[in-house]
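Let's take a walk through a protein together, one step at a time. Have a look at the picture and keep it at hand while you read.

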Amino acid sequence: MPRTAARGGPQTRARISDVATQLFLERGFDAVTVAEVAREAGVSSVTVFKHFPRKEDLLLDRADDAIEVLRTAVRSASADVLTSLREAVLGLADDRHALSGLKDGSVPFFVTVAASPALIARAREIADAIQQTLVEELAAAAFEGDAALLAAFLISGYTTVLTGTARRLMAGETPDEVAEDHRARVDHLFDKLRTGFENGTS
């Protein structure tokens with residue numbers, strides 16, 4: 001019983017995601033069907049949709065990771081929330097985390113997303129959901145400023161930084177060549193946020 005549960009849980013989800021990602025990167029998102037992913041992963045289409053309600057989520061599966069990073073930063077803030085968020089986002093860059101866009105081998109992913117209107121649209125929906133979660137976390141932490149504005153500026157600003165980094169990598173630069181500027185732009189973003197939101201000012 002435990003072994004079956006494991007196969008039907010995180011291990012199955014990871015296998016489906018890995019298979020789907022490989023197929024999408026090789027052939028393009030729109031050219032691969034969910035049925036093909038299921039067949040290659042050795043599961044049914046029903047099982048695929050159990051783990052990934054939308055086809056786009058097979059590739060864009062980092063939303064929970066992003067939410068956890070922000071949630072942890074807000075809840076563990078020992079000084080002020082902006083400092084904690086800044087450290088968390090810069091930490092992604094320092095670790096070359098996939099959410100920073102600086103992870104080695106990310107270019108095929110960026111190319112695949114850029115070529116699919118469906119993936120671009122879904123990425124925007126996911127960003128909106130992450131933004132709303134941040135608003136809720138800030139409210140729960142009794143943030144004194146305008147939580148909705150801060151969340152909007154942060155998510156929009158970071159998306160802009162990430163997009164710029166992705167474009168440079170797709171143009172042929174290496175993560176090492178881009179990392180310093182990426183980190184500087186993140187710092188600049190938080191400097192601007194600090195100007196508008198420090199001590200609850202607007």
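The side chains of Arg-194 and Thr-83 are joined by a polar contact of 3.0 Å. This is a predicted model, so please read every distance here as a value computed from that prediction. Leaving aside residues up to four places away in sequence, Arg-194 touches Asp-80, Leu-82 and Thr-83.

One of those neighbours deserves a second look. Side chains of opposite charge can pair when their charged atoms come close. Arg-194 makes a salt bridge with Asp-80, and the closest N and O atoms are 3.0 Å apart. Because Arg-194 belongs to helix α10 (residues 175–197) while Asp-80 belongs to the loop between α5 and α6 (81–94), the pair ties together parts that are 114 residues apart in sequence.

Asp-187 forms a salt bridge with Arg-86, with 3.1 Å between the closest N and O atoms. Asp-187 lies in helix α10 and Arg-86 in helix α6, so this pair ties together parts that are 101 residues apart in sequence. Asp-187 is partly exposed, with a relative accessible area of 22%.

Some salt bridges also share partners, and in this way Arg-54, Glu-56, Asp-57, Arg-122 and Glu-125 are joined into one network. Let's zoom in on Asp-57. You can find Asp-57 in the loop between α4 (45–51) and α5 (63–75). With a relative accessible area of 10%, Asp-57 falls under the 20% limit, so Asp-57 is buried. A polar contact of 2.8 Å connects the side chains of Asp-57 and Arg-122. Not counting residues up to four places away in sequence, Asp-57 touches Phe-52, Arg-122 and Ile-126.

Now for a pair within one helix. Glu-68 and Arg-71 meet through their side chains in a salt bridge of 3.8 Å, N to O. Why are Glu-68 and Arg-71 separated by about one helical turn? Because they are three residues apart in helix α5. Glu-68 is partly exposed at 41% relative accessibility, and Arg-71 is also partly exposed, at 24%. In total, the structure holds 17 salt bridges.

Next, turn to helix α3, which covers residues 34–41. Its residues Val-34, Glu-36, Val-37, Ala-38 and Ala-41 are buried. The buried residues of α3 pack against α2 (10–27) and α4. Just after α3 comes Gly-42, which takes a positive phi of about 75°.

Finally, step back and look at the whole chain. The protein chain has ten helices and zero strands. Its radius of gyration is 19 Å, close to the 17 Å that the globule rule gives for 202 residues, so the chain is as compact as a globular protein of that length. Along the principal axes, its C-alpha atoms fill a box of roughly 55 × 45 × 25 Å. Of the 202 residues, 40% count as buried. Among contacts between residues at least 6 apart in sequence, 68% join residues at least 24 apart. The protein chain exposes about 11,000 Å², and carbon and sulfur atoms supply 53% of that area.

Conventions:
Residues numbered from 1 in each chain as written. Predicted model: local features only at pLDDT ≥ 70, side-chain atom pairs only at ≥ 80, totals over all residues. Heavy atoms only, no water. Helix = DSSP H or I, 4+ residues; strand = E, 2+ residues; numbered from the N terminus. Buried < 20%, exposed > 50% of the residue type's maximum accessible area, 1.4 Å probe, protein only. Polar contact = N/O pair within 3.5 Å; in protein donor to acceptor, adjacent residues only side chain to side chain. Contact = heavy atoms within 4.5 Å. Salt bridge = Lys/Arg side-chain N within 4 Å of Asp/Glu carboxyl O. Rg over C-alpha atoms; globule rule 2.2 N^0.38 Å. Areas by Shrake-Rupley, 256 points an atom, 1.4 Å probe, with all protein chains shown as cover.
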